[in-house]
Amino acid sequence: SERTLVLVKPDGVRRGVVGEVISRIERKGLKLVALELQHLSRETAEAHYAEHVERPFFGELVEFITSAPLVAMVVEGPNAIKAFRQLAGATNPVEAATGSIRGDFALEIGENIVHGSDSPDSAAREIKIFFPELG
Ligand code: GTP
Ligand code: MG
């Protein structure tokens, strides 16, 4: 079994789709291990998105993710990392399949509702940032 960090980003909370995202995770057969509403500091946001520091949209990304509370979760199950990224759909909602979270609820890449870790190393690093008590 595997763990992944899932975020319902501020746009998803504002849009009222937190329950919808959790429902899709549960229907897939994945389990919630931790769940918390968090309002990120700039420092935490920059640590989470460190891999994107050189990208032109980094400032915008940090501004957005710190703009309002998000819902952070640790989700567990066999192949949880790939399973959740499949539920989320392509990064750009314009390319995300209908039936995926981004395909169904989002229009723009900058506001694509959810985040999911992209590898076991990322998951371990990100879970430590959002839920240090889980180790
Ligand atoms: P996450 O699960 O959120 O990490 O998405 P991802 O792994 O599918 O995409 P990636 O890690 O490459 O990018 C991280 C986030 O940066 C994306 O989810 C987008 O919200 C944002 N992002 C990526 N490209 C752009 C862009 O060109 N403009 C803006 N404003 N945001 C972008
Ligand atoms: Mg990513």
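This is a predicted model: local features need pLDDT of at least 70, side-chain atom pairs count only at pLDDT 80 or more; totals for chains, interfaces and linings use all residues.
I'll start with one residue, Val 75. Leaving out residues up to four places away in sequence, Val 75 touches Thr 4, Val 6, Ile 25, Leu 30, Leu 32, Val 33, Ala 80 and Phe 84.

The average pLDDT over the chain is 97, and 99% of the residues score at least 70. The ipTM is 0.91 and the pTM is 0.96.

Now the core. Val 75 belongs to the largest nonpolar core, which has 29 residues. Together with Leu 5, Phe 84 and Val 114, Val 75 is among those with the most contacts inside that core. Which elements give two or more residues to it? They are β1, residues 2–8; α2, 18–28; α4, 58–65; β3, 70–77; α5, 80–88; α6, 101–105; and α7, 120–130. As background, nonpolar side chains in soluble globular proteins tend to be buried together.

Next, the overall layout. The chain has 7 helices and 4 strands. Going along the sequence, the pattern reads β-α-α-β-α-α-β-α-α-β-α. The radius of gyration is 14 Å, close to the 14 Å from the globule rule for 135 residues, so the chain is as compact as a globular protein of that length. Along the principal axes, the C-alpha atoms fill a box of roughly 35 × 35 × 25 Å. Of the 135 residues, 34% are buried. As for contacts between residues at least 6 apart in sequence, 71% of them join residues at least 24 apart.

On to the sheet. In what order do the 4 strands come? The order is β2-β3-β1-β4, the sheet is open, and the pairing is antiparallel. The edge strands, each pairing on one side only, are β2, residues 31–38, and β4, residues 114–116. From one strand to the next, the twist averages 20°.

Let me take the pairs one at a time. β2 and β3 run antiparallel and are joined by 7 bridges. In that pair, Leu 35 stands opposite Met 73 of β3. β1 and β3 are also antiparallel, with 7 bridges between them. Here Leu 5 faces Val 74 across the pair, and Glu 2 stands opposite Gly 77. Then β1 to β4, antiparallel again, with 3 bridges. There, Leu 7 stands opposite His 115 in β4. As for cover, β1 has 6 of its 7 residues buried.

Now the helices on this sheet. α5 lies across β1, β3 and β4, and runs at about 30° to β1. α7 also packs on the sheet, where it touches β1, β2 and β3, and its direction makes about 60° with that of β1.

Is Met 73 buried or exposed? It is buried, because 24 other C-beta atoms lie within 10 Å, and the cut-off for buried is 20 or more. Leaving out residues up to four places away in sequence, Met 73 touches Val 6, Leu 32, Ala 34 and Leu 35. Val 6 and Leu 32 were also on the list for Val 75. Met 73 and Val 6 are 67 residues apart along the chain, yet their C-alpha atoms are separated by 5.2 Å.

Ala 45 has 19 C-beta neighbours inside 10 Å, so it counts as partly exposed. Again, the cut-off for buried is 20 or more. With residues up to four places away in sequence not counted, Ala 45 touches Leu 40, Val 62, Ile 65 and Thr 66. From Ala 45 to Leu 61 is 16 residues in sequence and 8.7 Å in space, C-alpha to C-alpha.

To recap: an open sheet of 4 strands with antiparallel pairing, α5 lying across β1, β3 and β4, α7 packing on the sheet, and a largest nonpolar core of 29 residues. Val 75, where I began, is one of the residues with the most contacts inside that core. That's the end of my part.

Methods
Residues are numbered from 1 along each chain as its sequence is written. Chains are lettered from A and ligands numbered from 1 in the order in which they are written. A nonpolar core is a set of buried Ala, Val, Leu, Ile, Met, Phe, Trp, Tyr and Cys residues joined through C-beta atoms within 7 Å. A residue is buried if 20 or more other C-beta atoms lie within 10 Å of its own, exposed if 12 or fewer, and partly exposed in between; C-beta atoms are placed from the backbone. Two residues are in contact if their C-beta atoms, placed from the backbone, lie within 7 Å. Two strands pair if DSSP finds at least two bridges between them. Axes are lines fitted to C-alpha atoms, for helices over the stretch in contact, and angles run from 0 to 180 degrees between N-to-C directions. pLDDT is the predictor's confidence in each residue, from 0 to 100. The radius of gyration is taken over C-alpha atoms; the globule rule is 2.2 Å times the number of residues to the power 0.38.
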